[in-house]
Amino acid sequence: MAGKYPLYIVDVFAEKKYAGNQLAVIRNAGTLSDDIMQRIAQETGFSETTFILSDKKENGGYNVRIFTPEEELQFAGHPTLGTAYIIRELIEDGKTDRISLNIKVGQIPVTFIRDDNGEEILWMKQIEPVFGQKFAHKVMSEVLGLDEVEFDGRFPAEAVSTGLPVIIVPLKTLDAVRKTKINKEKYRELIGDNCPCLILVFAPETYASSNHLNVRVLTVFEKIPEDPATGSANGCLAGYLVKHEYFGKEKIDIRVEQGYEIGRPSLLYLRSERAMEKIDVNVGGKVIFILKGELV
C-alpha cells in the first residue's frame, strides 16, 4: 500500500463531540484495491468508512466509495454528510457552500446552511423514495419481540428505499422502542436472502421535548447490531411520514433523535414534502471534526 493516505474521523449528526455517528474518511484512495478498502473498513470498526478517490472533481462531484465492515454500500447518509464536510474543509478550503458526491447510487448534493442560531447544518437531498412491501404488524411483532398492541395501527410497517432499503415500523411509545430486539431467526424467515437488512422503529414520545420522534435503527449484522444515527434510514422515514400524512399533512420539518439507547445521542433534521407526484427528501445534521492522521 504505497503512498500517503490521510485519515480523518468525524462525528455526524452530533450536537457535541463524542456523540452522533462516527465516520472514518480516507483521502487519496484511488490507488487502493477493493480488498484493501474492505479491510480498512473492518479495521476502523465503524458502521461505515468512506474513501475519497481523488481531490479532483469528475462530472461536478467527488468520487467516493462507502464500506461497512462487511460490504460496500450503494448509499449511506452519515457517510455522505461527513465526507462532504471533509472535502469542503480540506480540499475546497472552506470556500463553498455546496459539495456533490458521486457514489454508487448517483450524485448526491450536500449544502451548508447556517440556522437561526448561526450553527452550520449540512443538508443532503436524497433520491426519491421507493415504497415496497408492507408487513402485517402481527408478523413484525414476532420479529421484534413486541406485543401487537404496541404498534401504531393507523400506519403500516413498510419497506422504503432512497438507495438503502429499510423497513419502517411505527410504534406507540418510547418504552416499545426501547425494548425492541430483532429475532434473527424470525427476521430471516420473513426476508430470506433479500434486502432490506435494516429495521427502523419510531414513536412520537422522545427523551428531549424539543424533538418530534425517537428512532432506533437495528441491523442483523454481528459487528454493528444498532446504528447511532442513520441518515439513509431517516430519509426513508421522511418519505414515509409524508406519504402516510403521519403529522396530518404532506409536508414535514422535524427533529428526530436517535442513538440514546446505545450512549451516542444524535439529532437529525428531516424536511420532506410531496411536490406533484414526487416526494422530495432532505436530511440534515451537524458534523464535528474529531481526529486527523495518516494510514501507514
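Leaving aside its neighbours within four places in sequence, which residues is leucine 200 in contact with?

1. In this predicted model, leucine 200 is in contact with Val166, Ile167, Ile168 and Val169, with Val215, Arg216 and Val217, and with Ala233, Asn234 and Leu237, once its neighbours within four places in sequence are set aside.

2. Leucine 200 is also named, together with Ile168, Phe202, Leu237 and Leu241, among the residues with the most contacts inside the largest nonpolar core, which has 56 residues. Helix 6 gives the most to this core, contributing seven residues. A second, separate core has 21 residues, and Val143, Ile199, Leu218 and Val220 are included in it. In soluble globular proteins, nonpolar side chains tend to be buried together.

3. Helix 6 itself covers residues 231-243, and its 13 residues reach 18 Å from the first C-alpha to the last, which is close to the 18 Å expected at 1.5 Å a residue. The helix is mostly covered, with 12 of its 13 residues buried; among them are Leu237 and Leu241, as well as Gly231, Ser232, Asn234 and Tyr240. After helix 6 comes glutamate 245, whose phi is positive, near 50°.

4. Glutamate 158, which is found in strand 10 (residues 157-161), deserves a separate comment. With a relative accessibility of 1%, glutamate 158 counts as buried, because buried means under 20%. The side chain of glutamate 158 makes a polar contact, at 2.6 Å, with the side chain of histidine 244. Not counting residues up to four places away in sequence, glutamate 158 touches Tyr240, Lys243 and His244, and its other contacts include Phe131, Gly132, Gln133 and Lys134 as well as Val166, Ile167 and Ile168.

5. Turning to the chain as a whole, the protein has six helices and 18 strands. Its radius of gyration is 18 Å, close to the 19 Å that the globule rule gives for 296 residues, so the chain is as compact as a globular protein of that length. Taken along the principal axes, the C-alpha atoms fill a box of roughly 55 × 45 × 35 Å.

6. Of the 296 residues in the protein chain, 55% count as buried, while the chain exposes about 13100 Å², of which carbon and sulfur atoms supply 47%. Among contacts between residues at least 6 apart in sequence, 63% join residues that are at least 24 apart.

Methods
Residues are numbered from 1 along each chain as its sequence is written. This is a predicted model: local features need pLDDT of at least 70, side-chain atom pairs count only at pLDDT 80 or more; totals for chains, interfaces and linings use all residues. Side-chain values use heavy atoms; hydrogens and water are left out. Helices (H or I, at least four residues) and strands (E, at least two) are DSSP runs, numbered from the N terminus. The expected span of a helix is 1.5 Å times one less than its number of residues. Buried means under 20% relative accessible area, exposed over 50%, partly exposed in between (1.4 Å probe, protein chains only). A polar contact is a pair of N or O atoms within 3.5 Å; within protein, one must be able to donate a hydrogen and the other to accept it, and residues adjacent in sequence count only if both atoms are side-chain atoms. Contact means heavy atoms within 4.5 Å. The radius of gyration is taken over C-alpha atoms; the globule rule is 2.2 Å times the number of residues to the power 0.38. Accessible areas come from the Shrake-Rupley method with a 1.4 Å probe; for residues, only the protein chains shown count as cover. A nonpolar core is a set of buried Ala, Val, Leu, Ile, Met, Phe, Trp, Tyr and Cys residues joined through side-chain atoms within 4.5 Å.
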